[in-house]
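This report asks how the parts of one protein chain are arranged. Please keep the sequence and the structure in view while reading.

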Amino acid sequence: MTDQSRIRFPQFYITSPQPCPYLPGRYEKKVFTHLLGEEPVSLNNMLSQAGFRRSQNIAYRPACENCQACISVRVIVSEFDPGRSFRRILARNADLRTSLMPPVATDEQYGLLRRYLDTRHAEGGMADMSRLDYVAMVEDTTVATRLVEYRAPVESGVAAPLAAALTDTLDDGLSMVYSFYNPQEASRSLGTFMVLDHIERARALGLPYVYLGYWVDGSRKMSYKTRFGPLEALFPEGWRRLPAQMP
């Protein structure tokens, strides 16, 4: 195989088994490839539609033996209609100032991430993320990536960000790669608000979907995703609509 063909046709690899972060007592394996070569944006689009997720310049998806619990889900933007509780969350955060930023890591963002991880995910796989790790997460990208920052208004100066989302723009939607927020602002429901905001962003851009990553039945970490119905889920036979579960 020539070097050119390796660039044109990505190589896929399988990880060794690791403890599953979602279902206790199980092990996960992933298939992955590098988003490099001549057309990484097109490759990321194709793989995202096939259920892959992006981490830096790697696209991956679960490839576990005897388990298919991780299911890719995406919001059907044109049919999403926020219920009463969602409208309250939107109103509660109507004062936030939103900025679309280039994929450049800042000390403010990292400080926010550390507060989020230390409070909400102190035992998670990202708990030891360093400043350099965060820079790599944000800046090691060959695709259409942006950071969305959410700040409270102040009379003078600029408030520190209350929340941020690393987001990829795909041909058919927005993919929320990773989001984090100030855990002391629990009354704002910022995690939910960021998903709602991305749905409206996709609607304004004429994009049909917001990709939320994997939903795992039985995992409390992932149960929130079913609130944003109607959803489509990726099964072996293709994307299939799931029943709406409006709050």
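This is a predicted model: local features need pLDDT of at least 70, side-chain atom pairs count only at pLDDT 80 or more; totals for chains, interfaces and linings use all residues.

Which residues line the largest cavity?

## Cavities

The lining of the largest cavity consists of Cys 20, Tyr 22, Leu 23, Arg 26, Tyr 27, Glu 28, Cys 64, Cys 67, Ala 69, Cys 70 and Val 216. Its volume is about 70 Å³. In total, the structure contains 3 cavities of 30 Å³ or more.

Val 216, one of the lining residues, belongs to strand β12, which covers residues 209–216.

Between β4 and strand β6 (residues 58–62), the antiparallel pairing extends over 5 bridges. Within this pairing, Lys 30 stands opposite Pro 62 of β6.

## Thr 33 in strand β4

Thr 33 is found in strand β4, which spans residues 30–34. Is this residue buried or exposed? Thr 33 counts as buried, because its relative accessibility is 1%, and the cut-off for that class is under 20%.

The side chain of Thr 33 reaches the backbone oxygen of Gln 11 at 2.7 Å. Apart from neighbours within four places in sequence, the contacts of Thr 33 are Pro 10, Gln 11, Phe 12, Leu 47, Asn 57, Ile 58 and Ala 59. Among them, Ile 58 lies in strand β6 (residues 58–62), and Leu 47 lies in helix α2 (residues 40–49).

## The sheet of 8 strands

A further open sheet comprises 8 strands in the order β8-β9-β10-β11-β12-β7-β13-β14, with mixed pairing. Strands β8 (97–101) and β14 (238–241) are at the edges with a single partner strand each, so one side of each has no neighbour in the sheet. From one strand to the next, the twist averages 30°.

Within this sheet, strand β11 (residues 173–181) and strand β12 (residues 209–216) are paired in the parallel sense over 3 bridges. Leu 174 has Val 210 of β12 as its bridge partner.

## Helices on the sheet

Helix α2 (residues 40–49) packs on the sheet and touches β10 (161–170), β12, β13 (231–235) and β14. The direction of helix α2 makes about 100° with that of β10.

Helix α4 (residues 107–120) lies across β9 (145–151), β10 and β11. Relative to β11, helix α4 runs at about 75°.

Technical notes:
Residues are numbered from 1 along each chain as its sequence is written. Side-chain values use heavy atoms; hydrogens and water are left out. Two strands pair if DSSP finds at least two bridges between them. Helices (H or I, at least four residues) and strands (E, at least two) are DSSP runs, numbered from the N terminus. Axes are lines fitted to C-alpha atoms, for helices over the stretch in contact, and angles run from 0 to 180 degrees between N-to-C directions. Contact means heavy atoms within 4.5 Å. Buried means under 20% relative accessible area, exposed over 50%, partly exposed in between (1.4 Å probe, protein chains only). A polar contact is a pair of N or O atoms within 3.5 Å; within protein, one must be able to donate a hydrogen and the other to accept it, and residues adjacent in sequence count only if both atoms are side-chain atoms. On a 1 Å grid over the protein atoms alone, a cavity is a set of points where a 1.4 Å probe fits but cannot get out, and a pocket is an open set with protein on both sides within 12 Å along at least five of seven lines; lining residues have an atom within 4 Å of a point. Grid points are joined across faces, edges and corners, and a volume is the space filled by probe spheres set on the points.
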